[in-house]
Amino acid sequence: MNSSDFPNDSRENRRINTDGEAIDALFMATEEAVTRDFLSGFQNQDVEMEERKSTEADVVKTGSDYWRDYEVKRNFKAAKHFALELHSDLKIVEKTEEEVEEEVIRDEDKSEFRKAKESIKKRRQEISTTSDMEIDLNVRRKAPSLVELSARVLAQNFLAIKSLKLVPDHLRKKLSYLVSGLGEFDTRLMELLIEDSPSEICAKNCVQLVEDDLVKIFCDCDRVSLKVLILDLCGRSMTDYTINQFFKRAPNGFPSLTTLSLQGAFCLTDNALLLISKSSPLLQYINLTECSLLTYRALRILADKFGSTLRGLSIGGCQGIKKHKGFSSSLYKFEKLNYLSVAGLVSVNDGVVRSFFMFRSSILTDLSLANCNEVTDECMWHIGRYCKKLEALDITDLDKLTDKSLEFITEGCRYLKSLKLTSNRFSDECIAAFLEVSGGSLRELCLNKVRDVGPETAFSLAKVCKMLQFLDLSWCRRLKEDDLRRILRCCSSLQSLKLFGWTQVEDTYLEELSRSDVHITGLKLTSLYAHLDNFYPSVGAKFF
Amino acid sequence: MRETVKLISMEGFEFVIDREAAMVSQTIRSMLTSPGGFSESKDGVVTFPDISTTILEKICQYFYWSLQYSRGKETEFHIEPELTLELMMAANYLHT
């Protein structure tokens, strides 16, 4: 693209020299249109989706024409405002957000979400307490599998294992996770896991490993057949020294590696990541959660190396990735992401992710924005608008979200299977309306510390969520025993229920619950550490 | 009279158990119920050339324990540590 095609930006008096700058300028130009769209909801979706697909091509083809038109329009607008200021008796009457919104609703048919909300308001009188709702205690409880039982005993006695030869990868993985859970994962077990050329090495708790252990393990394993490498909590051992030593001994690295998880590798630097990425050309999924030494440069390295191939990226909790203009453009380079986690990043706000959602999120299935405190309703609007295939969404602890956000998600994301709303301020009616429209496909729902959750939500849960397997209602203190009865009676697929902070359950009912088929944690029935279970898959768990 | 099936171990030991108990295993269920005139479904005899007698005995015990469990009698199923690795492999093959 020739820089001479573009006129000077009158605000900054400089030429646009790179593609990145051209893209940034394009986003600035479309910002007004986006804001206008944000107010008018979901009008003309299909047309705009088509337009969006051709936008980038148009910019390349008709760059100069576009900018010339843009300049003319902007100058005209400025002149108009100046003229009206001179003749102040002619006042511009602009409609407020509410008026625009009302007009849209009047003109178009009401959305499903709004219809659901209205029907919820009407049904309030109908919801009565139901003492007849008993749990069916004659349900056939499924016995734990023999694989599960024997794996547990094996994990407790893993020191006696001499060899894991001929044990298939998925059983090694299960055993590894169980031993990791006991906090006893050591070098010896790691050596057992790497023998016999496995295609997967999975270790969820590498706290006890040191640098030399890791170098030895990397060098001894069959790197050609290795496709999945999970070394979580390897902070002590995953250092520059380890990586450099390994590449001195094995310059080819990991030629077949497709999945890499180094969660909690707090000594991992940008340079080490560069070496790893150079040696793993086939990487598709990478988890760098809580790698606190990484900076925005790490994201740029990944974007340059795997921009067109990476399918899963987790950089949640990488506090070294601060606000930087390169963050947005690097994120934009990932063309094929199915999974993205930017949980807890201070640098993430509506502006940063807007460009990504507008042009790159059509195939996104799993997204985590947990604890990104700058994210607002506008971001949720973009998610609803562009992330049509979203299946798992984590919006834990986002203070600035209102009921509008849940409406946007309801209208846009029709395939949601997992939703985490922990510590948000959504109203009871709003959550109930969401469930009425989208609850049928949900497998997992987390409403932990959503204070307003009440009988409306419980009623909708019981009525619609027949596929729900995991439910967290911890600290939802407006719910009563009858609501719980209704949920347990009607949610036929429910496997696990969390009820931490529930003091509103009578002892007699507790006894009934202990015989139900649902795995309940958080009441008097369970130990203090019961919340540390593996029942609740995190967003992106299927990738790592 | 209750229907039974015969499971034969690597060493040739025979375990005659209720068909319902054997059906706890998805693999055995497929062998006994699949159409196509397989010898297992005709004769009700399944041979396991890779599963030792000790392990097959434990598996048969598990089948009955599993039935009891699903009927509400929730007891603990004890597994000797020295059997676990081989038992896990066999259970994986039998889909139990």
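The side chain of A:Ser279 reaches the backbone oxygen of A:Ile276 at 3.0 Å, in a model that is predicted. That counts as a polar contact, which is a pair of N or O atoms within 3.5 Å; within protein, one must be able to donate a hydrogen and the other to accept it, and residues adjacent in sequence count only if both atoms are side-chain atoms. A:Ser279 sits in helix 11 (residues 270-279) of chain A. Helices here are DSSP runs of H or I with at least four residues, strands are runs of E with at least two, and both are numbered from the N terminus. With a relative accessible area of 6%, A:Ser279 is buried. Buried means under 20% relative accessible area, exposed means over 50%, and partly exposed is in between, using a 1.4 Å probe and protein chains only. Beyond its neighbours within four places in sequence, A:Ser279 is in contact with A:Phe247, A:Asn252, A:Gly253, A:Phe254 and A:Pro255, where contact means heavy atoms within 4.5 Å.

Residues are numbered from 1 along each chain as its sequence is written, while chains are lettered from A and ligands numbered from 1 in the order in which they are written. Because the model is predicted, local features need pLDDT of at least 70 and side-chain atom pairs count only at pLDDT 80 or more, whereas totals for chains, interfaces and linings use all residues; side-chain values use heavy atoms, with hydrogens and water left out.

Another polar contact turns up at A:Thr289, whose side chain is joined to that of A:Ser314 at 2.6 Å. A:Thr289 belongs to the loop between strand 4 and helix 12 of chain A, and at 13% relative accessibility it counts as buried. Leaving aside neighbours within four places in sequence, A:Thr289 has contacts that include A:Leu262, A:Gln263 and A:Gly264. A:Glu290 lies in the loop between strand 4 (285-287) and helix 12 (296-306) of chain A, but with 41% relative accessibility it is partly exposed. A:Glu290 also has a positive phi of about 60 degrees, although it is not a glycine. Most residues other than glycine have a negative phi. A:Asn371 has a positive phi too, near 60 degrees. This residue, A:Asn371, is in the loop between strand 7 (366-368) and helix 15 of chain A, and is partly exposed at 35%.

Next comes helix 15 itself. Helix 15 (residues 377-386) of chain A packs against helix 16 (residues 403-412) of chain A at an angle of about 5 degrees, and their axes are 8 Å apart. The two helices are therefore roughly parallel, a label for angles under 35 degrees; over 145 is roughly antiparallel, 65 to 115 roughly perpendicular and the rest oblique. Axes are lines fitted to C-alpha atoms, for helices over the stretch in contact, and angles run from 0 to 180 degrees between N-to-C directions. On the helix 15 side, A:Asp377, A:Met380, A:Trp381 and A:Gly384 meet A:Lys404, A:Ser405, A:Phe408, A:Ile409 and A:Gly412 of helix 16. Sorted by class, this contact has 4 nonpolar, 3 polar and 2 charged residues; Ala, Val, Leu, Ile, Met, Phe, Trp, Tyr, Cys and Pro count as nonpolar, Asp, Glu, Lys and Arg as charged, and the others, Gly among them, as polar. Helix 15 of chain A is mostly covered, with 10 of its 10 residues buried.

A:Leu182, in the loop between helix 7 (169-181) and helix 8 (187-194) of chain A, is partly exposed at 43%. Not counting residues up to four places away in sequence, A:Leu182 touches A:Ala155 and A:Gln156.

Chain B has 5 helices and 3 strands, which run β-β-α-α-α-β-α-α from the N terminus on. Buried residues make up 47% of its 96 residues. Its open sheet of 3 strands has the order 2-1-3, with mixed pairing; two strands pair if DSSP finds at least two bridges between them. The edge strands, each pairing on one side only, are strand 2 (14-18) and strand 3 (45-47) of chain B. Strand 1 (residues 4-8) and strand 2 of chain B run antiparallel and are joined by 5 bridges, and B:Leu7 has B:Phe15 in strand 2 as its bridge partner. Helix 4 (residues 53-70) of chain B packs on the sheet, touching strand 1 and strand 2, and its direction makes about 5 degrees with that of strand 2.
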